[in-house]
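Trainee: I would like to learn how to read the features of a model like this one. Where do we begin?

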Amino acid sequence: MKDVKITATSKVAANNLVTNNQLSKIMDTSDEWITKRTGIKTRHISTDKNTSDLATTVGKDLLEQVSWTPDKLDLIIVATMSPDYLTPSVSAQIQGKLGAQHAVAFDLSAACSGFSYALSVARSMLLANNWSKALVIGAEVLSKLIDWDDRSSAVLFGDGAGGVILETAAERHFVGQDLQTFGELGNQLTAGHIKNNTELSNNSFTYTPFQMNGREVYRFATHEVPQSIEAACKQAGITADQIDHYLLHQANSRIIEHVAKRLNQPLNKFPININEYGNTAAASEAILLAECAEKGRVKKGETIALSGFGGGLTCATVIFKY
Ligand code: ACO
């Protein structure tokens with residue numbers, strides 16, 4: 001059966017590494033609180049680049065790895081909740097910067113589930129259109145959406161990008177998925193609300209910063225993520241034991257531990273890098289996958305579950321053979 005497979009991975013972190021102790025000098029928090037509640041020790045904050053710059057770096061590196069000229073690309077999808085503009089999309093910006101003139105390019109908005117959603121959409125589009133080559137990237141500069149006076153969210157997030165090359169393959173690689181949206185819970189996590197114009201003049205162009213009901217999202221994640229993984233395993237016709245690595249969205253190490261316990265799986269199947277990167281939303285799974293691939297932690301032929309959760313609220317799992 002014709003399918004798609006991941007043939008290269010890449011990641012980039014933003015320029016400025018910020019420690020918990022540095023944050024404790026500008027807000028009422030501590031390394032102890034952040035580490036104990038979240039597992040985060042540092043995060044990369046961008047002071048020089050926007051989302052499309054980080055995404056373009058990843059795109060260029062991926063093309064170099066596979067030695068393709070940009071005109072070979074059929075599709076570019078960037079998952080992001082922090083684009084440079086409402087329009088043009090980050091994907092269109094990359095398409096232009098890379099010179100990928102034949103690629104269809106658009107962004108996908110599903111917050112921290114965005115990379116799993118994007119892999120699923122890219123796979124469907126490659127197969128439906130008989131295309132063969134896609135760039136799928138998760139990229140965020142969340143620091144521009146953060147209220148730096150709100151300690152409850154400011155300590156959680158980081159900036160970065162990660163991505164993959166997706167290519168058609170003769171044999172099955174993507175074996176199961178579960179994509180879900182819980183729109184009735186959307187107000188539990190919001191960012192960038194654009195207010196309606198009440199008058200024809202005096203448009204102030206204000207956007208609200210990131211706001212989250214942390215406890216409710218925590219409850220949502222620990223409840224929905226195990227179910228989503230089980231549903232994707234069922235579709236794939238495998239059990240949780242047959243997954244070699246669980247690459248979960250890095251929002252909180254306690255959530256990851258909880259999911260491992262619920263699935264009755266050893267924690268060493270759940271690589272964690274939240275300690276360095278913080279929560280990078282749509283970039284988080286892609287950065288983790290690229291890091292695991294670079295370190296040889298995931299190997300060709302192994303079965304991987306990528307699972308994300310967050311704004312929407314959304315939850316998404318894809319299972320594939322790497
Ligand atoms: N430093 C010190 N104290 C703090 C801080 C801080 N940075 N932030 C909050 N506190 C205080 C609170 O004020 C509160 O104090 P009080 O008890 O005196 O009222 C206390 O710490 C406990 O606050 P909680 O919010 O109850 O802390 P909790 O244990 O729930 O941890 C956290 C908060 C880390 C946000 C957790 O709820 C969480 O991880 N939620 C899930 C987040 C998530 O998964 N998001 C994913 C999606 S993100 C996306 O889609 C972009």
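Mentor: This is a predicted model.

Trainee: Where are the two domains in the chain?

Mentor: Domain 1 covers 3–172 and domain 2 covers 175–321. Their C-alpha centres are 14 Å apart. Domain 1 brings 48 residues to the contact and domain 2 brings 44.

Trainee: How is the area buried between domain 1 and domain 2 described?

Mentor: About 3,500 Å² is buried between domain 1 and domain 2, and carbon and sulfur atoms give 62% of that area. On the domain 1 side, Lys11, Cys112 and Tyr117 supply 18% of the area buried against domain 2, more than any other three residues.

Trainee: How should I read salt bridges?

Mentor: Side chains of opposite charge can pair when their charged atoms come close. Here the cut-off is 4 Å between a side-chain nitrogen of Lys or Arg and a carboxyl oxygen of Asp or Glu. By that rule the count is nine salt bridges.

Trainee: How many salt bridges are there between domain 1 and domain 2?

Mentor: The count between domain 1 and domain 2 is one. Lysine 11 and glutamate 294 meet through their side chains in a salt bridge, at 3.3 Å from N to O.

Trainee: What does lysine 41 form a salt bridge with?

Mentor: Its partner is aspartate 31, with the closest N and O atoms 3.1 Å apart. Lysine 41 sits in the loop between helix 2 and strand 3 while aspartate 31 is in helix 2, so this pair ties together parts 10 residues apart in sequence.

Trainee: And the ligand: how many residues surround it?

Mentor: The ligand is surrounded by 28 residues, and the closest are Thr29, Arg37, Cys112, Arg215 and Asn252. For polar pairs, look at the atoms on each side. An N or O atom in the side chain of threonine 29 is 2.7 Å from a nitrogen atom of the ligand. Asparagine 252 places a polar side-chain atom 2.7 Å from a ligand oxygen atom. For arginine 254, a side-chain N or O atom is 3.4 Å from an oxygen atom of the ligand.

Key. Residues numbered from 1 in each chain as written. Predicted model: local features only at pLDDT ≥ 70, side-chain atom pairs only at ≥ 80, totals over all residues. Heavy atoms only, no water. Domains from an automatic or database assignment. Contact = heavy atoms within 4.5 Å. Buried area = accessible area lost by both parts, 1.4 Å probe. Near = heavy atom within 4 Å. Polar contact = N/O pair within 3.5 Å; in protein donor to acceptor, adjacent residues only side chain to side chain. Helix = DSSP H or I, 4+ residues; strand = E, 2+ residues; numbered from the N terminus.
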